[in-house]
Amino acid sequence: MILQQKQAGWAILWMAALAASFSAPVFQIAFAVLAIGVIGMAHGASDLAIVRQGRQLFFLMSYGLAIVLCLIWWHTSPAVALPGFLLASAIHFGLEDAPDGGLAERIARGVSLIATPATLHQDEFRAILQGAGLAPTLPDTVTCSLALLGGVAAGGLLTVGFFSRNKRLITGTLALLILPPFVGFSLGFLILHALPQTEQRRDQLGYVRYTDYLRAIWPVLLGAIAIAGMAAFMLFPKGPDGFRSLFAALASLAIPHLLITPWFASRNRTV
């Protein structure tokens, strides 16, 4: 029964991704918001639960300060904040998604999630970088560089996935490579990072079923969604195009998850 529900969930997710891929950009963005901002956020919503109880208040204060500083940074200097966010994300993906892998696999994992969507969709990727606030003279160079790096990383990961029969690695990388950037990254992010991390957190906290895990973390999850929504509203771009608000909202919650949570988690092990 559980296996059938899981298969049905994957089928719905893939159908939604394919439908969004052949739809107008606004629906692709909507898919990304739901996939990353709701489904994908479930693993980060348990950050508080893995911190020792005596340090939770300090953790919340540090987390909140990081959110505020990130929003200020993005508002004052998006051309610097965007590359910094992408680099921090790549490092996080490399470390978290291949904890037992070698250096080459970790680099490929981190690079692929960020760069592979540019490989076959350079025009769309360039437009995203421009709208996110990158300096006008940089998107062409950055897009071409990421497209090259993404192609190499994706090729290596597909080869590894084929010989190791790692279906998750193959399907996630193909999603990043083939689907439009917003949809491809969202689906690849879920397959390769968010959903495996959610399963790991569920097991770490001692829950057998996802419903029990979600019941335990739903207040934090709803709060995170509300914060991301307010951040996007406050930084909503004035022009008809631009994705700065979307990236700012994502970064405001992702950066504390990337930097603050690992530090407190390491303290759990050493204190």
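## Helices α8 and α9

The axes of helices α8 and α9 approach to within 6 Å and cross at roughly 155 degrees, where axes are lines fitted to C-alpha atoms, for helices over the stretch in contact, and angles run from 0 to 180 degrees between N-to-C directions. The two helices, α8 and α9, are therefore roughly antiparallel to each other, given that angles over 145 degrees count as roughly antiparallel, those under 35 as roughly parallel, those from 65 to 115 as roughly perpendicular and the rest as oblique. The crossing of α8 and α9 is left-handed, a term used if the near helix is turned anticlockwise from the far one by less than a right angle. On the α8 side the contact (heavy atoms within 4.5 Å) is made by Arg168, Leu169, Thr171, Gly172, Thr173, Ala175 and Leu176, and on the α9 side by Gly184, Phe185, Leu187, Gly188, Ile191, Leu192 and Pro196. By class, the residues of this contact divide into eight nonpolar, five polar and one charged, where Ala, Val, Leu, Ile, Met, Phe, Trp, Tyr, Cys and Pro count as nonpolar, Asp, Glu, Lys and Arg as charged, and the others, Gly among them, as polar.

## Basis of the model

This is a predicted model, in which local features need pLDDT of at least 70 and side-chain atom pairs count only at pLDDT 80 or more, whereas totals for chains, interfaces and linings use all residues. Residues are numbered from 1 along each chain as its sequence is written, and side-chain values use heavy atoms, with hydrogens and water left out. Helices are DSSP runs (H or I, at least four residues), numbered from the N terminus.

## Helices α4 and α9

Helix α4 (residues 78-97) packs against helix α9 (residues 181-204) at an angle of about 45 degrees, with the axes 10 Å apart, and that makes α4 oblique to α9. The crossing in which α4 passes α9 is left-handed. From α4, His92, Phe93, Glu96 and Asp97 meet Phe185, Phe189, Leu192, His193 and Gln197 of α9, a contact with four nonpolar, three polar and two charged residues.

Gly84 also lies in helix α4 and, at 27% relative accessibility, counts as partly exposed, a class lying between buried (under 20% relative accessible area) and exposed (over 50%), with a 1.4 Å probe and protein chains only. The C-alpha atoms of Gly84 and Lys6 are separated by 36 Å, the two residues being 78 apart along the chain.

## Nonpolar cores

A nonpolar core is a set of buried Ala, Val, Leu, Ile, Met, Phe, Trp, Tyr and Cys residues joined through side-chain atoms within 4.5 Å. In the largest, which has 25 residues, Phe31, Phe185, Leu187 and Phe189 touch the most other members. Two or more residues each are given to this core by α1 (2-21), α2 (25-39), α4, α5 (103-115), α7 (139-164), α8 (167-178) and α9, and the largest share, eight residues, comes from α9.

Leaving aside residues up to four places away in sequence, Leu187 touches Leu13, Trp14, Ala17, Phe31, Ala175 and Leu179. Apart from this core lies another, of 24 residues, including Ala115, Ile128, Ala254 and Leu258.

In helix α6 (residues 122-131), Phe125, Arg126, Ile128, Leu129 and Gly131 are buried. Gly133, which follows α6, has a positive phi, near 110 degrees.
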